[in-house]
Amino acid sequence: MSGVSKKEEEKSDEYSQDMTQAMGAVLTYRHELGMNYNFLRPDLIVGSCLQTPEDVDKLRKIGVKTIFCLQQDPDLEYFGVDIKSIQAYAKTFTDIEHIRCEIRDFDAFDLRMRLPAVLSTLYKAVKRNGGVTYVHCTAGMGRAPAVALTYMFWVQGYKLMDAHKILMSKRTCFPKLDAIRNATIDILTGLKKKYVTLTLKDKGFSTVEISGLDIGWGQRIPLTLDKGTGFWSLKRELPEGQFEYKYIIDGEWRHNELEPFTGPNKDGHTNNYAKVVYDPTSVDGTTRERLTKEDPELLEDERSKLIQFLETSSEAEV
């Protein structure tokens, strides 16, 4: 701990508290102690973020051929990580590749929606580079374990909970299993979505926005006022699931009592929600029911379909 500043420790404490609250599990990350990781398999590592270009050297020494970064710019800025210097240093070598595919931190829905493209990028990188793959987010406790777990489930032939058991025996973390199940179903049922329309009666408002839904609580989308009908509205295409949201009316957060809403949650908030449901008696409905069980097992043709999807789909932004 020599040379560690009070500010660095406070940053880690704050991040750990946010992570624990958002993930629903007690998790601790000490950024000031440097990069940490665990081998899940001889060819697959889950870990925390690289902090300096020298971390590239450490990974090369243990056979890493692909560094797979899931961080967004705010994650990097929070701990002052200079990603450009790390990327530039990695490019000086021919035996390692640094790839960045962003997933929003603490956001299970964004994880679900990004997994198909992110896994396609990872799958192609592993085929291209071979060797050991290092998958990381910031702490290596949420996004990175989830991506590695999905890779084991979709590509490497594991049952989901068998892979999860291996992961949890190696590393303290909390991957969002429902996001993995839902992403699997999304691909196997054709990435279907339905349109949902939100409406709010105008009462002389200047601006109306929503937060939550499929964009997370840190972002907002404006609604449009139809002066003829006197309603603010937003049309949004959503996959299957239940999505909580809240209106922000002239800067004030409120729910609409004329739309479905939840009771107060653990933080005391009451939110509206939109629910997208497909026909449970259809072939896709049967697939959904089977794969949403605690321990889903992919059929041989389903795994082949997933692999084909990964091989042919567009990759995530790098």
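Tutor: We begin with a definition: two strands count as paired if DSSP finds at least two bridges between them. Please keep in mind that this is a predicted model.

Student: Which residue of E2 is the bridge partner of Tyr 37?

Tutor: In general, the strands of a sheet pair through backbone hydrogen bonds, in a parallel or an antiparallel sense. Here, Tyr 37 has Gly 47 in E2 as its bridge partner. Strand E1 and strand E2, the latter covering residues 44–47, are joined by four bridges in the antiparallel sense.

Student: What is the strand order of the sheet?

Tutor: The order is E1-E2-E5-E3-E4, in an open sheet of five strands with mixed pairing. Strand E1 (37–41) and strand E4 (97–100) are at the edges; each has a single partner strand, so one side of each lacks a neighbour in the sheet. On average, and with direction ignored, neighbouring strands of this sheet are turned by 20 degrees against each other.

Student: Which strands does helix H2 lie across?

Tutor: Helix H2 (residues 54–61) lies across E1, strand E3 (64–69) and strand E5 (132–136), and runs at about 135 degrees to E3. Helix H4 (residues 83–90) also packs on the sheet, where it touches E3 and E4; the directions of H4 and E4 make an angle of about 145 degrees.

Student: How is the packing of H5 and H10 to be read, and at what angle do their axes cross?

Tutor: Two packed helices are described by the angle and the distance between their axes. The axes of helix H5 (residues 108–129) and helix H10 (residues 300–312) cross at roughly 80 degrees and come within 8 Å. Angles of 65 to 115 degrees count as roughly perpendicular, and H5 and H10 are therefore roughly perpendicular to each other. On the H5 side, the contact includes Pro 116, Leu 119 and Tyr 123, while Ile 307, Phe 309, Leu 310 and Glu 311 take part from H10. By class, the contact of H5 with H10 comprises six nonpolar, one polar and three charged residues.

Student: How many disulfides does a search of the whole structure find?

Tutor: A disulfide is a covalent bond between the sulfur atoms of two cysteines. The search finds zero disulfides.

Notes
Residues numbered from 1 in each chain as written. Predicted model: local features only at pLDDT ≥ 70, side-chain atom pairs only at ≥ 80, totals over all residues. Heavy atoms only, no water. Helix = DSSP H or I, 4+ residues; strand = E, 2+ residues; numbered from the N terminus. Axes fitted to C-alpha atoms, helices over the stretch in contact; angles between N-to-C directions. Contact = heavy atoms within 4.5 Å. Parallel < 35°, antiparallel > 145°, perpendicular 65-115°, else oblique. Nonpolar A, V, L, I, M, F, W, Y, C, P; charged D, E, K, R; others polar. Disulfide = S-S within 2.5 Å.
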